Amino acid sequence: MFTDELGQGGNAAGGPDNSAGHHSGTGESLVQLITPGGERVSHPQYDAWVREVTDEQLGSLYEDMVVIRRIDTEATALQRQGELGLWPPLLGQEASQVGSARALRDDDFVFSSYRENGVAYCRGVDLADILKVWRGNASSGWDPYTVNMATPQIIIGAQTLHATGYAMGIQNDGADSVAVTYFGDGATSEGDVNEAMVFAASFQSPVIFFCQNNHWAISEPVRLQSHIRIADRAAGFGIPSVQVDGNDVLAVMAATREAIERARHGGGPTFIEAVTYRMGPHTTADDPTRYRDANELEDWAAKDPIARVKGLLERKGLLTEQLEAQVAAKADAVARELRAGCINMPDPQPLDIFKHVYSTPNSWLDRQEDHYSRYLASFGDPAGANSEEGAR
Amino acid sequence: MIKEFRLPDLGEGLTESEILSWKVAVGDTVALNQVIAEVETAKAVVELPSPFAGVITALHEQPGTVVEVGKPIVSFEVEGDDGGPSTGGPAPAGTGKREPNLVGYGAVVESSGRPARRARAFAAPVAEPVETTAPAAPVVEPVETRATAAPVVEPVETRATAERPRSTPPVRKLAKDLGVELMAVTGTGAGGLITRDDVRNFVGGGDLPAAARALAGAGEGTRTAGERETRTPIKGVRKLTAAAMVSSAFTAPHATEFLTVDVTPTMELLARLKASRAFEGFKLTPLTLVAKALLIALRRQPSLNSRWDEASQEIVQFNYVNLGIAAATPRGLTVPNIKDADRLSLTELSTALTALTETARAGKTSPAELSGGTISITNIGVFGIDAGTPILNPGEAAILAMGAVRKMPWEYKDEVALRQVMTLSLSFDHRLVDGEQGSRFLADIGAILADPGMVLAMV
């Protein structure tokens, strides 16, 4: 897991021409390096970006994808068991998340939406921390600076502004890290995303707009959102874009690396449209069978991202029993850790609410805290330690 | 140790769900995350994965029951702490404590009898009046004023302090639907909260004073509304069926044609086929042959196998046939379809029909089987009906209703004979199909059933 040397590849020497505005993406076809059948096909422009991916690394990409699918199913079960209030499944989007997240360096910064739990895993976020918000135990899950990933943004598309702002900060610092922001097809219709792209283009900021086009904005199909390819929207902002097979982990990685190199070397922003599919419901409170044709689901099941890598490993003779056992064991262990971390998570205490607002003492807040603690104490329950009223 | 699983809030802020079925029985050993039940919420039908690995010791609710969130539904015998939470597990029932494993505001146990607002340690005179007046809602006095006076302003004057008793929005809705005045109902829930049962008991009569009951019914003579009519919430399959029928009936202009056919030759053929070795073990019925006749006739009139795509302003001509069969299931009408039915031989068609009806009756039809149909058959003959106007399955251009096969006096070789006769009713979408194609199609089906040998001239 974690960001690894895979992210260091594709440097300027080995990579193809990546000068800014080299291609707009308009009219170009979907970039694919692995067919749904698991066959590696060559691509004149993008092969170079994943040339040095070793067999072992391919196996570890496979492992990450299997593990995040397991995290997803386990969390869905935990919701059905009353342990989580809500969960947004990422089923089907594993390649988009792993392929892009594994292309990043530790000092790059991620601004995601709420479905990027696979990205969070790749960034090394503690498993229980991923669930905290969904269990209603905290207002946000983790310290963003320990993993260089902001906590999930619920407001659709708002994180793109945060990413662009952060990227402008990188420019001010003169650093060579990049900001990556994740959002969906629906978000591209939001004002925030459009504003972020205007600023990113104007300032040529090192930000990557990573759009997972999963075809459904809750119940709204993507074709109603955009009459052109989502990737082609970027051209209007003067941002180079690429449409990539989002169920192909290598293609996603290649496109992300190209974008990262462009950003690191002053080439400005890139828009990546990863064409994938949300196999599950929007959240555990949604029933997609009410608005979605089951045949569509079948079509996409045939393009499953994990089956595809598995097929490639098999063709290369790498899918050994040992690898499969190792991956299964890892997934089991992660699922166990996730469940235990969720169930044994301590409930927040009533007075905790005052701890997370200011980093320095604040007299106004101290006063409120004093009032609230005395109010809790009036129930004959010192400090409200067992108070139910304030517990949640 | 015994662990209980309480019904969680499966959506966002749901207060109850209906248990559709149990997938396990008492005594079964289940694994963690094994599906144990199917539950329908206001939002979706979902499967419940087991939160523990262990043995089922009790199922507390029957299928078909609507259960409040937070109520125990199943108990497990769990070995040690394996597979379950060691400390955060569900507490025993009735403690009135909030369950640490339940999240969402639907999780508070409503019927625990414990007031939501706790008494503070010091004297709290402010809270007193609320606590005392609420349950003792003045019942009699407002009744009299209401019963006599039309403009109902008086109750405010007579008892200015009378507060509407506490209840939840769904209960208020229920009360409104049943015509119950909540002021007259005595709440038995926590802190005098009025529950659904209180409202239902009130309507059912219960042991309330007559004056109070007078408020409940709008009519004078018969107030026991619960006995004379039953109100069932519109939901689930019934709701979907209604929506589909309304949208079909009011978007596709239906035209219906009828044809009565002497199907004696088909019935004789059916008997011969059943007796033949090639069809041994297959379940052949008139429906099988009608379906086959429809598929053969459809090749000559493909426009009946099409769809009107309003959104893209296109007519979709299907080059395959997914044949829908209307099925009455325990949960209502469903129309599962047989994929690529046009490519099936008679035996394959028979097998597919048998499987489809069995799956539908068991209520296990998958969404994939329910969508993507291109044309449908409904067999009203099994109910002894001759003809009717079938309503199109939304998105399809035609539907054929087959009537009962009856022995009737019929013209046969210029004489009147007792023949086996069936009426076919065909509805088609007149936007897609003209009278000519519809008529030819129906005539072809009739011709095949009247003389199966006609197939030779058609294929």
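The structure is a predicted model, where local features need pLDDT of at least 70, side-chain atom pairs count only at pLDDT 80 or more, and totals for chains, interfaces and linings use all residues. Residues are numbered from 1 along each chain as its sequence is written, while chains are lettered from A and ligands numbered from 1 in the order in which they are written.

**Helix pairs**

Two packed helices are described by the angle between their axes and the distance between the axes. Helices here are DSSP runs (H or I, at least four residues), numbered from the N terminus. Axes are lines fitted to C-alpha atoms over the stretch in contact, with angles from 0 to 180 degrees between N-to-C directions.

| Pair in chain A | Angle | Axis distance |
|---|---|---|
| H1 (residues 55-80) and H12 (residues 305-315) | roughly 150° | within 10 Å |
| H2 (residues 94-101) and H10 (residues 249-264) | about 40° | 8 Å |

The angle in the H1(A) and H12(A) pair makes H1(A) roughly antiparallel to H12(A), a label for angles over 145 degrees. H1(A) passes H12(A) in a left-handed crossing (the near helix is turned anticlockwise from the far one by less than a right angle; clockwise is right-handed). Among the residues making this contact are A:Leu58 and A:Met65 of H1(A), plus A:Ile306 and A:Leu313 of H12(A); contact means C-beta atoms, placed from the backbone, within 7 Å. The contact's residues split into nine nonpolar, one polar and two charged.

Now for the other pair. H2(A) is oblique to H10(A), and their crossing is right-handed. In H2(A), the contact residues include A:Ala95 and A:Val98, and in H10(A) they include A:Leu250 and A:Met253. This contact divides into six nonpolar, four polar and no charged residues.

**The cores**

A nonpolar core is a set of buried Ala, Val, Leu, Ile, Met, Phe, Trp, Tyr and Cys residues joined through C-beta atoms within 7 Å. Which residues touch the most other members of the largest core? They are A:Ala179, A:Ile208, A:Ala255 and A:Ile272, out of 91 residues. H1(A) gives the most to this core, with 11 residues. Leaving out residues up to four places away in sequence, A:Ala255 touches A:Val31, A:Tyr46, A:Val242, A:Val244 and A:Ile272. A second, separate core has 42 residues, including B:Val321 and B:Leu424.

**One leucine**

Is A:Leu376 buried or exposed? A:Leu376 is buried, because 21 other C-beta atoms lie within 10 Å (the cut-off is 20 or more for buried, and 12 or fewer for exposed). A:Leu376 belongs to helix H14 (residues 363-377) of chain A. A:Pro350 is 26 residues from A:Leu376 in sequence, and their C-alpha atoms are 8.8 Å apart.

Methods:
Helices (H or I, at least four residues) and strands (E, at least two) are DSSP runs, numbered from the N terminus. Angles under 35 degrees count as roughly parallel, over 145 as roughly antiparallel, 65 to 115 as roughly perpendicular and the rest as oblique. Two residues are in contact if their C-beta atoms, placed from the backbone, lie within 7 Å. Ala, Val, Leu, Ile, Met, Phe, Trp, Tyr, Cys and Pro count as nonpolar, Asp, Glu, Lys and Arg as charged, and the others, Gly among them, as polar.
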